[in-house]
Amino acid sequence: MKQVTKGQWNGYDTYILHSCELEVTLLPRLGNNVISLWDRKEERQILRQPDESDLTSYLQKPYHFGMPLLVPPGRIRGGNFQFGGTSYQFDRNAGEHHIHGLHRTQAWCVSDIEEDEEGCAVTTEFITTDDPEWIRQFPEPLKFEMTFRLQDDRLEQTLKVTHLGTRRIPFGAGYHTWFMLDGTPGRWNVTLPAEAVYELSEDLLPSGQLLPLGGLESLHTRLNLQGANLDTVLRVAEQQPAEAVLMREDGYGLRYSADRHFFHHWVLYTKGEADQFLCIEPLTWLPDAPNLPQDDSFTGLITLEPGQTLVLGSTLQMIYPG
């Protein structure tokens with residue numbers, strides 16, 4: 001069962017990683033997104049899937065499905081910021097602001113497939129100079145490599161970013177992962193070791209101020225999702241594990257973790273009152289990070305030097321009763 005097979009979605013090749021517990025479907029040529037995570041033991045879809053009959057919706061908002069990569073994540077005021085004497089202007093795609101970065105449906109190439117006794121893996125690559133719209137908004141070239149490795153009930157994602165340009169640049173990344181609640185939010189609880197909430201403006205932009213958790217203090221033990229209405233940016237303390245745990249009342253669930261040295265900012269989003277979905281979004285930088293007055297230790301902004309390679313890891317592991 002530890003193998004990689006090929007499939008199709010709307011005429012685009014998919015790569016399916018198999019284990020006894022999980023089937024992971026990757027769509028490299030449309031944004032390198034994981035569009036399906038099928039639990040073989042529970043016979044259950046873990047992620048919000050794009051409907052194959054509605055390609056238009058996926059192309060318009062690919063970050064509404066699966067486990068999409070965001071580069072950079074969140075909103076940027078006016079789509080504009082300055083860094084190192086250079087002014088950047090991203091397209092305004094959320095009213096007067098920019099949201100969820102330049103990575104959408106770009107075509108990634110599969111560069112390696114591995115199958116061994118312990119698991120299987122697919123590695124994909126993308127260079128930003130291959131996308132005129134990306135380079136128009138962010139002219140310093142980057143090379144991305146993503147390895148998806150499935151071992152039993154554990155999916156690891158490793159993102160490598162190499163700066164191919166000549167100027168220091170700001171960098172941020174994150175994931176907008178859609179977990180299914182199956183229309184029964186009262187059966188589900190989420191935990192996250194958050195220490196504070198980031199204050200947001202009416203435009204959902206961080207003010208730079210931290211607020212107490214208040215009614216979200218139960219995140220430390222378990223926050224039940226019945227009636228929850230979340231679009232909340234949370235800060236995880238550096239000494240705490242950067243992980244969220246989503247559990248069903250019968251002991252079934254998952255642990256979603258990321259590199260604790262980088263992922264201090266997490267968003268919980270229910271798309272209105274919780275019903276079908278909970279988005280858990282680990283971010284390296286706070287939305288609008290380049291425009292905030294605080295230093296990088298607060299905003300999470302990463303400075304990439306020419307020739308530098310950054311490696312960011314994240315893991316999703318299933319939890320089964322007993």
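This is a predicted model: local features need pLDDT of at least 70, side-chain atom pairs count only at pLDDT 80 or more; totals for chains, interfaces and linings use all residues.
Reader: Which element gives the most to the lining of the second largest pocket?

Author: Elements are DSSP runs numbered from the N terminus, helices (H or I) having at least four residues and strands (E) at least two. Helix H2, residues 132-137, leads with three residues in the lining of this pocket. Among the residues around the second largest pocket are Asp91, His98, Arg104, Asp131, Glu133 and Trp134. By class, this lining has two nonpolar, six polar and four charged residues, where Ala, Val, Leu, Ile, Met, Phe, Trp, Tyr, Cys and Pro count as nonpolar, Asp, Glu, Lys and Arg as charged, and the others, including Gly, as polar.

Reader: Which residues lie nearest the centre of the largest pocket?

Author: Arg75, Ile99, His100, His176 and Asp231 do, out of 20 lining residues. Strand E22 (229-236), strand E25 (265-273) and strand E26 (277-283) are the elements that give two or more residues to this lining. The volume of the largest pocket is about 360 Å³, and its lining divides into eleven nonpolar, five polar and four charged residues.

Reader: How many cavities of 30 Å³ or more does a search of the whole structure find?

Author: Such a search finds two. The largest cavity, with a volume of about 90 Å³, has a lining of eleven nonpolar residues, one polar residue and no charged ones; Phe81, Phe90, Trp134, Phe138, Phe171 and Trp285 are among the residues that line the largest cavity. The second largest cavity has a volume of about 40 Å³, and its lining has five nonpolar, three polar and one charged residues, including Tyr58, Tyr63, His103 and Arg104.

Reader: Which residues have the most contacts inside the largest nonpolar core?

Author: A nonpolar core joins buried Ala, Val, Leu, Ile, Met, Phe, Trp, Tyr and Cys residues through side-chain atoms within 4.5 Å. In the largest core, which has 76 residues, Phe144, Leu159, Phe171, Leu225 and Trp266 have the most contacts. Strand E13, residues 142-151, gives the largest share of this core, five residues. A second, separate core has seven residues, including Val267, Leu286, Leu292 and Phe298.

Reader: Is Ala173 buried or exposed?

Author: Ala173 counts as buried because its relative accessibility is 2%, buried meaning under 20% relative accessible area, exposed over 50% and partly exposed in between, with a 1.4 Å probe and protein chains only. Ala173 sits in the loop between strand E15 (169-171) and strand E16 (174-175). Beyond four places in sequence, Ala173 is in contact (heavy atoms within 4.5 Å) with residues including Leu69, Leu159, Phe263, Trp285 and Leu312. Leu159, with residues up to four places away again left out, touches Trp108, Phe144, Tyr175 and Val311, among others.

Technical notes
Residues are numbered from 1 along each chain as its sequence is written. Side-chain values use heavy atoms; hydrogens and water are left out. On a 1 Å grid over the protein atoms alone, a cavity is a set of points where a 1.4 Å probe fits but cannot get out, and a pocket is an open set with protein on both sides within 12 Å along at least five of seven lines; lining residues have an atom within 4 Å of a point. Grid points are joined across faces, edges and corners, and a volume is the space filled by probe spheres set on the points.
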